[in-house]
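Here's a quick briefing to read alongside the model. Have the viewer open and follow along.

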Amino acid sequence: MPRRSSRVKKRFLATGDSFCTIAFSYQVGPQHCSWYCAKVSKAIWDCLVEEYMPGPTTEDWRDIAAEFYHRWNFPNCVGSIDGKHVVIQAPNNSITILQL
């Protein structure tokens, strides 16, 4: 069973096939493919996360905040989200302090 789970996960990562396609190839149910992939992914994550994706240290956060301040003049900022600008219209008969 462990060999099958690793083969299912490798096939999923290599091809991006659906769980139904992989399940048919290995004669297991799609739910089992999903379970195998989740289990193997968690094991891979647990083994490699500290080495390849370490969490930021206090000094890293300070450097990030300093860079944001230097580049964008935003003090105490450590991140941003890129998104689409949308127009927000106040409901009728509402009071707003931002009316121009």
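Where is the place of N76? N76 sits in the segment after helix 4. Before going further, note that this is a predicted model, where local features need pLDDT of at least 70 and side-chain atom pairs count only at pLDDT 80 or more, while totals for chains, interfaces and linings use all residues. Residues are numbered from 1 along each chain as its sequence is written, and side-chain values use heavy atoms, with hydrogens and water left out.

**Overall layout**
- The protein has 4 helices and 0 strands; helices (H or I, at least four residues) and strands (E, at least two) are DSSP runs, numbered from the N terminus.
- Reading from the N terminus, the elements go α-α-α-α.
- Out of 100 residues, 14% count as buried; buried means under 20% relative accessible area, exposed over 50%, and partly exposed in between, using a 1.4 Å probe and protein chains only.
- The protein's accessible surface is about 9100 Å², and 59% of that belongs to carbon and sulfur atoms; these areas come from the Shrake-Rupley method with a 1.4 Å probe, and for residues only the protein chains shown count as cover.
- Among contacts (heavy atoms within 4.5 Å) with a separation of 6 or more, 28% are accounted for by residues 24 or more positions apart.

**The nonpolar core**
- As background, nonpolar side chains in soluble globular proteins tend to be buried together.
- Here the largest nonpolar core has 7 residues, namely V8, I22, A23, V28, C33, Y36 and C37.
- Such a core is a set of buried Ala, Val, Leu, Ile, Met, Phe, Trp, Tyr and Cys residues joined through side-chain atoms within 4.5 Å.
- Helix 2 (19-26) and helix 3 (30-52) each put in at least two residues of this core, and helix 3 gives the most, with 3 residues.

**How helix 2 meets helix 3**
- Helix 2 and helix 3 pack with their axes 8 Å apart, at an angle of about 100 degrees.
- The axes are lines fitted to C-alpha atoms, for helices over the stretch in contact, and angles run from 0 to 180 degrees between N-to-C directions.
- That angle makes helix 2 roughly perpendicular to helix 3, since 65 to 115 degrees counts as roughly perpendicular, under 35 as roughly parallel, over 145 as roughly antiparallel and the rest as oblique.
- From helix 2 the contact uses F19, C20, I22 and A23, and from helix 3 it uses P30, C33, S34 and C37.
- By type, the residues of this contact split into 7 nonpolar, 1 polar and no charged; Ala, Val, Leu, Ile, Met, Phe, Trp, Tyr, Cys and Pro count as nonpolar, Asp, Glu, Lys and Arg as charged, and the others, Gly among them, as polar.

- N73 lies in the segment after helix 4 (58-72), and its phi is near 60 degrees, a positive value in a residue other than glycine.
- N73 is exposed, with a relative accessible area of 54%.
- N76 has a positive phi of about 60 degrees too, although it is not a glycine, and N76 is exposed at 77% relative accessible area.

**Two C-alpha pairs to look up**
- S18 lies in the loop between helix 1 (2-15) and helix 2 and is partly exposed at 38% relative accessibility.
- S18 and S34 are 16 residues apart in sequence, with 9.7 Å between their C-alpha atoms.
- D63 belongs to helix 4 and is partly exposed, with a relative accessible area of 44%.
- D63 and V78 are 15 residues apart along the chain, and their C-alpha atoms are separated by 8.9 Å.
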